[in-house]
Amino acid sequence: MPDPILQTRGLDAHYGDFQALYGVDIEVGEGEVLAIIGANGAGKTTLMRSITGLLRNGPGQVAYHGQDISRLRADEVAARGLAMVPEGRQLFPSLSVRENLMIGAQVARSGPWDLAAVYKLFPILEERKDQASTSLSGGQQQMVAIGRALMANPDLILFDEISLGLAPIIIKDIYTALPGIIGEGMSAIIVEQDITKALSVSRRVYCLQEGRISLEGMSASVSREDISRAYFGIE
Ligand code: ATP
């Protein structure tokens, strides 16, 4: 197991009186691709939002590069090299493709990703760069969301259900591009409801069930039975 780039320890999350996460412990190794699976409402998005500072955590619950980031704001977390491709993409509808991509560059970290590199990865975005992001297809909008995260030159990138609502052919394209996107050394967390997809691209996997980690294992060796039990809670 390589040194962890990210660690959560006893991570809880609440929405008012409702508790969505209970003492979640996860680790992502340097350069590792981790999958997080779980049914609707299991807490996957809440976990991503807690890690990236969009939800407030208790002190000491999230460490990044060995430093406590639990109390940092989302922009401060992003500046440290942690980027998210959010569920539902969340582009700015009034901005062009290029302007949406430039939002990611605001954290001004150096690295291989800039507009030219994103356009090379997704040439269609260069063709559409001056169009409103809303005029793009769902798959192209997802490319913008991925490109925006890359523009921040992150060390760790979180993908929250990037295949949701996309046609299978587009999903295949995006997953084919993933190894090139993640690249040498970059770590990633992939949140997916499609278990086969999640296992095929990751080294390790955690399953969430009703706000708790119900399974942790190597993606290549977890059994279907263990996953069913962890996913649905059936014995
Ligand atoms: P999905 O696949 O549906 O996105 P998920 O695993 O990402 O599911 P979360 O979105 O993290 O799950 O939701 C976890 C729990 O927290 C669910 O019971 C959900 O109803 C609840 N929840 C999520 N967001 C809020 C909110 N803003 N206010 C109140 N409860 C919320």
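I looked up Ala 42 first: one of its backbone N or O atoms lies 3.1 Å from an oxygen atom of the ligand. I count that as a polar contact, a pair of N or O atoms within 3.5 Å. The protein covers 62% of the ligand's own accessible area of 630 Å² (Shrake-Rupley method, 1.4 Å probe).

I noted the ground rules. This is a predicted model, where local features need pLDDT of at least 70, side-chain atom pairs count only at pLDDT 80 or more, and totals for chains, interfaces and linings use all residues. Residues are numbered from 1 along each chain as its sequence is written, and side-chain values use heavy atoms, with hydrogens and water left out.

**Ligand contacts**

I checked Gly 41 next. A polar backbone atom of Gly 41 is 2.7 Å from an oxygen atom of the ligand. For Glu 161 I looked at the side chain, where an N or O atom is 3.1 Å from a ligand oxygen.

**Ligand shell**

I found 14 residues around the ligand, the closest being Gly 41, Gly 43, Lys 44, Thr 45 and Thr 46 (near means a heavy atom within 4 Å). Strand S2 (18-29) and helix H1 (44-51) each supply at least two shell residues. H1 gives the most, with 3. Helices here are DSSP runs of H or I with at least four residues, and strands are runs of E with at least two. I sorted the shell by class: 5 nonpolar, 6 polar and 3 charged. Gly counts as polar in this scheme.

**Where the ligand sits**

Which pocket does the ligand take? I find its space to be the second largest pocket; sitting there requires more than half of its atoms within 2 Å of the grid points. A pocket is an open set of points on a 1 Å grid over the protein atoms alone, where a 1.4 Å probe fits, with protein on both sides within 12 Å along at least five of seven lines; lining residues have an atom within 4 Å of a point.

I read about 230 Å³ for the second largest pocket. Of its 18 lining residues, Gly 41, Ala 42, Gly 43, Lys 44 and Thr 46 are closest to the centre. S2 gives the most to this lining, with 4 residues.

**The largest pocket**

I then turned to the largest pocket, about 610 Å³. It has 23 lining residues, and Leu 54, Ala 78, Met 84, Pro 86 and Arg 148 are closest to its centre. Its lining holds 13 nonpolar, 5 polar and 5 charged residues.

Notes:
Polar contact = N/O pair within 3.5 Å; in protein donor to acceptor, adjacent residues only side chain to side chain. Points joined across faces, edges and corners; volume = space filled by probe spheres on them.
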